[in-house]
Amino acid sequence: MAKGQEQAAPDAVLTRIGQVAMLHHAGDREEARDRFLGLWAEIGEHGDPLHRCTLAHYLADTQDDPQDELAWDLRALSAAEELTEDRLADRHESTPAARALCPSLHLNLAADYDRLGHREAARLHLRRARAAAESLAPGRYGEDVRASIDRLERGMDATGRGTDGPDRPEGRGRPPRQRP
């Protein structure tokens, strides 16, 4: 098979992640979490960084505990950073995909830290999300991410504290997920 055809072939792992993501979006959070964890066991801590990034990014949203959600979001960012480091930038074909995920990854971390009452960390990741979002291609995904950044920032400014509690706006800081 020619090199161009190999690159055009669908990635079976990303397809499987997308299928489980649809299950989660349909409302079966527990089943999605179990299937995502099964995929994580297959991929492992040292598997393909794009697979780990994408999977951890989705897996974070299936967590019940905010600390667990933060841990998965940190795993996702760590894997994305593996792909975007200068030493790999020219050698890994998934680098553009990881860069496209970075605004959403930082936005998730900002929301996680805000929920946990860690204001400085939340603000740091919000700034990183905004800076990374500048490089997103025009289109709905980029617009949705930037709108989510604005929404989280307004919410943080309005409360002047973490977002735990009854006045936390529903869905604030939840970026849209880019389809695998």
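A nonpolar core, as used on this tour, is a set of buried Ala, Val, Leu, Ile, Met, Phe, Trp, Tyr and Cys residues joined through side-chain atoms within 4.5 Å. Buried means under 20% relative accessible area, exposed means over 50%, and partly exposed is in between (1.4 Å probe, protein chains only).

Before you click anything: this is a predicted model, where local features need pLDDT of at least 70 and side-chain atom pairs count only at pLDDT 80 or more, while totals for chains, interfaces and linings use all residues. Residues are numbered from 1 along each chain as its sequence is written, and side-chain values use heavy atoms, with hydrogens and water left out.

**Stop 1: the whole chain**

Start in cartoon view. You'll find nine helices and zero strands; both kinds of element are DSSP runs numbered from the N terminus (helices are H or I, at least four residues; strands are E, at least two). Of the chain's 180 residues, 44% count as buried.

**Stop 2: the largest core**

Now select Ile17, Phe36, Leu55, Leu105, Leu126, Ile149 and Leu152, which touch the most other members of the 43-residue largest nonpolar core. Helix 2 (12-25), helix 3 (29-43), helix 4, helix 5 (66-84), helix 7 (95-115), helix 8 (119-133) and helix 9 (140-159) each put at least two residues into this core. Helix 7 gives the largest share, nine residues. In soluble globular proteins, nonpolar side chains tend to be buried together.

Zoom in on Ile149. Leaving out residues up to four places away in sequence, Ile149 touches Leu107, Leu126, Ala129, Arg130 and Ala133.

**Stop 3: helix 2 against helix 4**

For the contact itself, show Val13, Leu14, Ile17, Ala21 and His25 on helix 2, plus Leu50, His51, Thr54, Leu55 and Tyr58 on helix 4.

**Stop 4: inside helix 4**

Pick Ala56, which sits in helix 4 (residues 49-60). Ala56 is buried, at 0% relative accessible area. Beyond its neighbours within four places in sequence, Ala56 is in contact with Trp40, Trp72, Arg75 and Ala76.

His57 is in helix 4 too, and is buried at 0% relative accessibility. Draw a C-alpha to C-alpha distance from His57 to Ala79: 10.0 Å in space, 22 residues apart in sequence.

**Stop 5: the cysteines**

A disulfide is a pair of cysteine sulfur atoms within 2.5 Å, and the structure holds zero of them. Cys53 is buried with a relative accessible area of 0%, and Cys102 counts as buried at 12%.

Notes. Contact = heavy atoms within 4.5 Å.
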